[in-house]
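Trainee: I am new to this structure. Can we go through its side-chain contacts step by step?

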Amino acid sequence: MTRCAAEKIHIGNGRLMLSLYVKGHANYADNGKDIVCSAVSSLCTAFANTLLGYGVPKSCIRMKEGNFLVKAYIVENHKLCEGAFDMAVTGLRGIAEEYPDYVFCASGVSH
């Protein structure tokens, strides 16, 4: 099962803290045929690439098979980064609602 946890905190003075952690394989189907895992991976990759495009340091993003972590303090482009975060979390929640046996978003997932 894929598990997700997200947090967004407005620190003030235009600063923002974003955290998104996604761990595990969905196990909906065999490797290479798992549409649920593919959807989650696509969202995470798009979110990471968007943040990098907005100037978030690569050191704030960790991606490897079965694990994804973003923990970043956003100073520049905070509205754009926040929009990307909201899109990613909304997408993950939608996948969890559609496939509840394969994706779980922590009840405290907020945005």
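Trainee: How many salt bridges are there?
Mentor: This is a predicted model. Side chains of opposite charge can pair when their charged atoms come close. A pair counts if the nitrogen and the carboxyl oxygen lie within 4 Å. By this rule, the number of salt bridges is 2.

Trainee: Which residues make up the salt-bridge network?
Mentor: Lys8 pairs with Glu82, with 2.9 Å between the closest N and O atoms. Lys8 also meets Asp86, again N to O, at 2.9 Å. Shared partners join the bridges into one network: Lys8, Glu82 and Asp86.

Trainee: How many residues apart are Lys8 and Asp86?
Mentor: Lys8 sits in strand E1 and Asp86 in helix H2. The pair therefore links distant parts of the chain, and the separation is 78 residues.

Trainee: Is Glu82 buried or exposed?
Mentor: The cut-off for buried is under 20% relative accessible area. Glu82 has 11%, so Glu82 counts as buried.

Trainee: What kind of aromatic pair do Tyr28 and Tyr99 form?
Mentor: A pair of aromatic rings is described by the distance of the centres and the angle of the planes. Here the centres are 5.3 Å apart and the planes stand at 75°. Planes over 60 degrees apart count as edge-to-face. So the Tyr28 and Tyr99 pair is edge-to-face.

Trainee: Which residues form the aromatic cluster?
Mentor: There are 3 aromatic pairs by the ring rule. The cluster consists of Tyr28, Tyr99 and Tyr102.

Methods: Residues are numbered from 1 along each chain as its sequence is written. This is a predicted model: local features need pLDDT of at least 70, side-chain atom pairs count only at pLDDT 80 or more; totals for chains, interfaces and linings use all residues. Side-chain values use heavy atoms; hydrogens and water are left out. Rings of Phe, Tyr and Trp (its six-membered ring) pair if their centres lie within 6.5 Å; planes under 30 degrees apart count as stacked, over 60 as edge-to-face and the rest as tilted. A salt bridge is a side-chain nitrogen of Lys or Arg within 4 Å of a carboxyl oxygen of Asp or Glu. Buried means under 20% relative accessible area, exposed over 50%, partly exposed in between (1.4 Å probe, protein chains only). Helices (H or I, at least four residues) and strands (E, at least two) are DSSP runs, numbered from the N terminus.
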